[in-house]
Structures are given as C-alpha cells and as structure tokens.
Amino acid sequence: MELEALRSIYEGDVCFRELSPVSFQYRIGESGDPKAFLIEVSWPETYPQTAPVISMDAFFNNTISSAIKQSILDKLMVEVEANLGTAMTYTLFEYAKDNKEVFMENQPVNTVTSVSNSVSIGTPEVPPSKKKEKKEQLSKTQKRKLADKTDNKGELPRGWNWVDVIKHLSKTGSKDDE
C-alpha cells in the first residue's frame, strides 16, 4: 500500500529513486546545491511496526562531515519513534526537506563540493570540454555510404585510400608499354 502511494506521489520527481520494492533514496536539495544530501530508507520485514533502516552512506554524501550525518540521522530517528506503527517513508522525506537548512547549517559551503556532487549522482551532464566537440551531422545517405566502407568496428579497411592510386598507376603503366 505504501509502496503504491510513494510511486504515485513521487512519479516524475528526479530526487526520488526506488532502489527495490523495500528500499528508496531521496535527494534533499537541488543537484548543484553544496548543502544537498541523500537519504536512503529501507524497510525491514516487520516494518512499519519496527523502525526502517535509514542510511546516509551514499557516495553523494561523501563531502558531508560524519558529525552532520549523525546529527541528521538522530533527528530522523526522533521522527521514526513518533511515527512507529504507521507508514512513514513519505513523512521522513518531507521532514528532511522541510528541515534541510537546519540540518546543514554547520556544513561548510565548498564550491568543489557541488561539482563532485553532480558527478557522483551520475547525471547526464557532460563536462564543458566535451560539449564543444561536435561531430559533423551526416545525412542518412552519407551514413549509409560510410557504413559500406567501414568494418564492424567503424574503421576503414587497411589500404582503402590506395585503391584509386593503384588503378591509376596500372592504367598509366599500360599506356607506357604500348
């Protein structure tokens, strides 16, 4: 029941990720925000009568000090105790979103942090140096002709550019023999 609710609530939300039917991640904060963090909630078999497992061990959180991580986990556990016996994953994610600034007030802001965070997420962002390297757009006919000339690895066969030279030399050589 809670699983279906989470799927419908967070449908299309890029911050939410279902790792398995009993394990979920939620990114608190924007992608480039140096104070963003990731919470992972996993349900044991006896959930919601027992507390879910809450983790901040994701690579995304490597730039956050362990003291701040522990502080966030402690505050989330207070919420868990208050909601024990009810479905609480949504409540935990929303509580973390509402209290992000309080949680991260002692986290130093580092510009390098935001760069490493965006890379660690695996976002489809391409480094600026690679964005500049655009290949020439080919028409379908041009692509077909190129494919006919290349092998399965996309490489031209050895000596492909010598064929015309050899034909030319063999024609000129036969004229000299006459």
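Colleague: What covers the buried residues of α2?

Modeller: Keep in mind that this is a predicted model. The cover includes β3 (37–42), β4 (53–55), α3 and α4 (100–103). The residues being covered are I68, K69, I72, L73, L76, E79, V80 and N83.

Colleague: How do you know that the span of α2 is close to the expected one?

Modeller: Helix α2 (residues 66–83) has 18 residues, and from first C-alpha to last it reaches 26 Å. After the helix comes G85, with a positive phi near 100°.

Colleague: Switching to the rings: why is the pair of Y10 and F16 called stacked?

Modeller: The structure holds nine aromatic pairs. For Y10 and F16, the ring centres are 4.7 Å apart and the planes are at 15°. Pairing needs centres within 6.5 Å and stacking needs planes under 30 degrees apart, so this pair is stacked.

Colleague: And what makes Y10 and F93 edge-to-face?

Modeller: Their planes are at 70°, and the cut-off is over 60, so the label is edge-to-face. The centre-to-centre value is 6.1 Å. This pair links distant parts of the chain: Y10 is in the loop between α1 (2–9) and β1 (16–20), while F93 is in helix α3 (residues 89–98), 83 residues apart. Both rings also belong to one aromatic cluster, whose members include F24, W43 and Y90.

Colleague: Why is Y10 called buried?

Modeller: Its relative accessible area is 4%, and buried means under 20%, so Y10 qualifies. F16, at 13%, counts as buried by that cut-off too.

Colleague: Last one, Q25. Why does Q25 count as buried?

Modeller: Q25 has 9% relative accessibility, under the 20% limit, so Q25 is buried. Its place is in strand β2 (residues 23–28). Leaving out residues up to four places away in sequence, Q25 touches C15, F16, R17, L19, L38, I39, E40, A58 and F93.

Colleague: How do you know that Q25 and E40 make a polar contact?

Modeller: Their side chains are joined at 3.2 Å, and the cut-off for N or O atoms is 3.5 Å, so the pair counts as a polar contact.

Terms used: Residues are numbered from 1 along each chain as its sequence is written. This is a predicted model: local features need pLDDT of at least 70, side-chain atom pairs count only at pLDDT 80 or more; totals for chains, interfaces and linings use all residues. Side-chain values use heavy atoms; hydrogens and water are left out. Helices (H or I, at least four residues) and strands (E, at least two) are DSSP runs, numbered from the N terminus. Buried means under 20% relative accessible area, exposed over 50%, partly exposed in between (1.4 Å probe, protein chains only). A polar contact is a pair of N or O atoms within 3.5 Å; within protein, one must be able to donate a hydrogen and the other to accept it, and residues adjacent in sequence count only if both atoms are side-chain atoms. Contact means heavy atoms within 4.5 Å. Rings of Phe, Tyr and Trp (its six-membered ring) pair if their centres lie within 6.5 Å; planes under 30 degrees apart count as stacked, over 60 as edge-to-face and the rest as tilted. The expected span of a helix is 1.5 Å times one less than its number of residues.
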